[in-house]
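Hi there,

Here is the structure I promised to pass on to you. Please open it alongside this email, and my notes on it follow below.

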Amino acid sequence: MKIIAVCHADFDCSPFGTPARLEADLEGIAVLRRTLMCARAARRVASVHVLVPAPQRQRAESAAAGLDVQVETHEADPVPWQSYVASARKWSLDAWRGGLGSTSVFDETLHPWLLGALAQRESADGVVDVPAGASLLDCDLLDAMIAHYEQVHKQVRMTFTQAPPGLASAIYAPELLKDLTEANHWPGRMMAYQPAKPARDMIMLPCFYPPPFEVRTAVGRCIADTHSAVERMVSILQAAGNSASNGRTPDASTVARWLTASSVPRVGELPSEVEIELTTEDPLPDTTLRPRGRAMDRHGSMPQAVFDAIIDELSARDDVRVVLGGFGDPLSADNFARCARKCRDAGIFGLAVRTPAVHLSDEAFDALLDARVDVV
């Protein structure tokens, strides 16, 4: 069978709308170059392609210089679901699935129109969708997944595995890519539980390749597109005795054991998610949903200066998520619109609002849209 690997990259912008890090140094080698080296090291991959917008060809050729990698260009629009998937995945970056809206890591990068066209041109029997920042991709694990795909491709049309994001990639049959384009669906929708159509979880089907236990139980993003992920990947490479001259990376089991052993946050780190109570005003004081009403004292609203100071500190990282909530209703705060706008202007990665929506006035609705709130 002919299996090709495709790395759909953008040097300017990540799938989350944040600045890309593909040209950033990762222990002596640029992020994208490391990813391409890992993909090229897989023995069962017939060819590796890096797919970039046409104006970025020169940057891609520089990243792939000296490697057996084909640079391809395109002028396609982003997938229709990109913003939706980005907003949903921000809240589960460290896991391969379990995101809001049943999104998975596979939904972040897949462009079935582009990959389908390339598969057709190359007469490929399968396409590996490699995230551009997956610089710790395990080539041996990928080879094992391809061998599995070759055995089951007549029964199912993809192969995936349970692994921390970035250690493995999904493999798609060209027919499945065609169906996804016609249905205008991201792959995570196939994996979602649908009460109206109960079915076995896909990890119980032949499309699933079972990895070692330590890999399937580890948690931690290893795609170089956020502050925390890059710091984590640098630490992993240093702990494994990475050599900048040959770019060797530790295998998935080694990375997984490191992730499990390092799961407790270090003292002094900023939290990855912060919930801020703008006000203690509560439109549902007698609800039984959670302690409210007389069980909670009323202290009024948080001063704007205090809120601004918190957001300014959190904005030092590009992957912090903020929830405007608490026991009070943030929409009851006089400065809700200003606070939400402050989060976006400061570059806060993910923004959610927890509210019973009793005071969802036209003004509050406009404020939610203006601040591009990810989750309500």
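In which hand of crossing does H9 pass H10? The crossing is right-handed. Please keep in mind throughout that this is a predicted model.

Let me stay with that helix pair for a moment. H9 covers residues 227–239 and H10 covers residues 252–261; they pack at an angle of about 115°, and their axes lie 11 Å apart. On the H9 side the contact is made by Arg232, Ser235, Ile236 and Ala239, which meet Val255, Trp258 and Leu259 of H10. By type, the residues of this contact are 5 nonpolar, 1 polar and 1 charged.

Next, the nonpolar cores. The largest one has 50 residues, and those with the most contacts inside it are Leu32, Leu36, Val50, Val128, Leu136 and Cys222. Two or more residues each come from strand E1 (3–8), helix H1 (31–40), strand E4 (47–53), helix H2 (57–63), helix H5 (139–152), H9 and H10. H5 gives the largest share, 6 residues.

Now to helix H12, residues 336–345. Its buried residues are Phe336, Cys339, Ala340, Cys343 and Arg344. These sit on the same side of H12, because they cover an arc of only 140° around the axis. Arg338 and Asp345, on the other side of H12, are exposed. The buried residues of H12 pack against helix H11 (304–314), strand E10 (321–324), strand E11 (350–353) and helix H13 (362–370). Just after H12 comes glycine 347, with a positive phi of about 85°.

Finally, is leucine 324 buried or exposed? Leucine 324 is buried, as its relative accessible area is 0%. This leucine belongs to strand E10. Beyond its neighbours within four places in sequence, leucine 324 is in contact with residues including Phe336 and Ala340, along with Ile276, Leu278, Phe307, Pro330 and Leu351. Serine 47, by contrast, lies 47 Å from leucine 324 in space, C-alpha to C-alpha, and 277 residues from it in sequence.

Happy browsing, and do write back with any questions!

Best wishes

Terms used
Residues are numbered from 1 along each chain as its sequence is written. This is a predicted model: local features need pLDDT of at least 70, side-chain atom pairs count only at pLDDT 80 or more; totals for chains, interfaces and linings use all residues. Side-chain values use heavy atoms; hydrogens and water are left out. Buried means under 20% relative accessible area, exposed over 50%, partly exposed in between (1.4 Å probe, protein chains only). Helices (H or I, at least four residues) and strands (E, at least two) are DSSP runs, numbered from the N terminus. The arc is that of the directions from the helix axis to the C-beta atoms. Contact means heavy atoms within 4.5 Å. Axes are lines fitted to C-alpha atoms, for helices over the stretch in contact, and angles run from 0 to 180 degrees between N-to-C directions. A crossing is left-handed if the near helix is turned anticlockwise from the far one by less than a right angle, and right-handed if clockwise. Ala, Val, Leu, Ile, Met, Phe, Trp, Tyr, Cys and Pro count as nonpolar, Asp, Glu, Lys and Arg as charged, and the others, Gly among them, as polar. A nonpolar core is a set of buried Ala, Val, Leu, Ile, Met, Phe, Trp, Tyr and Cys residues joined through side-chain atoms within 4.5 Å.
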